[in-house]
Amino acid sequence: MAETIDGFGDRDFWIVRTAHIGQPVDHGNDQPAHESLGPLNPEWFNRTQSAPLRCGRPTTAGKPCRARVAEPGAACPSHREVRR
Ligand SMILES: [Zn+2]
């Protein structure tokens, strides 16, 4: 049994065949072809254009702040730095 921890701190446990440790293993195509290259479907493009801009700063709950802002990358009043 082996344990891995991802960048978010989530732990996964794996059953490992000890006979394969150190040997190259074929996990399939690690570079699958990307689907739907080219411009977005007009419906999805319009949805992205009409979506409101959000603050996006992490909240105390760890989720992105959903307060609306006027410019891309701007912070909402709760997350704006105090300048002196
Ligand atoms: Zn915010």
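Predicted model: local features only at pLDDT ≥ 70, side-chain atom pairs only at ≥ 80, totals over all residues.
Two strands are taken to pair if DSSP finds at least two bridges between them. Strands themselves (E, at least two residues) and helices (H or I, at least four) are DSSP runs, numbered from the N terminus. Residues are numbered from 1 along each chain as its sequence is written.

The protein chain holds one helix and two strands, and from the N terminus on these elements run β-β-α. Strand β1 (residues 2-5) and strand β2 (residues 11-14) run antiparallel and are joined by four bridges. Within this pair, Glu 3 stands opposite Phe 13 in β2. Five residues lie between the strands of the hairpin, where Gly 9 takes a positive phi near 85°.

The overall dimensions come next. The radius of gyration, taken over C-alpha atoms, is 22 Å for the protein chain, whereas a compact globule of 84 residues would have one near 12 Å; the globule rule is 2.2 Å times the number of residues to the power 0.38. Along the principal axes, the C-alpha atoms fill a box of roughly 60 × 40 × 20 Å.

Two residues are in contact if their C-beta atoms, placed from the backbone, lie within 7 Å. Among contacts with a separation of 6 or more, 2% are between residues 24 or more positions apart. A residue is buried if 20 or more other C-beta atoms lie within 10 Å of its own, exposed if 12 or fewer, and partly exposed in between, with C-beta atoms placed from the backbone. Buried residues make up 1% of the 84 residues in the protein chain.

Gly 22 is exposed because 6 other C-beta atoms lie within 10 Å. Its C-alpha atom is separated by 40 Å from that of Pro 58, 36 residues apart along the chain. Ala 19 lies in the loop between β2 and α1 and counts as exposed, with 7 C-beta neighbours inside 10 Å. Between the C-alpha atoms of Ala 19 and Glu 3, 16 residues apart along the chain, the separation is 18 Å. Ile 15 also has its place in the loop between β2 and α1, and it is exposed, with 6 other C-beta atoms within 10 Å. The C-alpha atoms of Ile 15 and Ala 2 are separated by 6.4 Å, with the two residues 13 apart along the chain.
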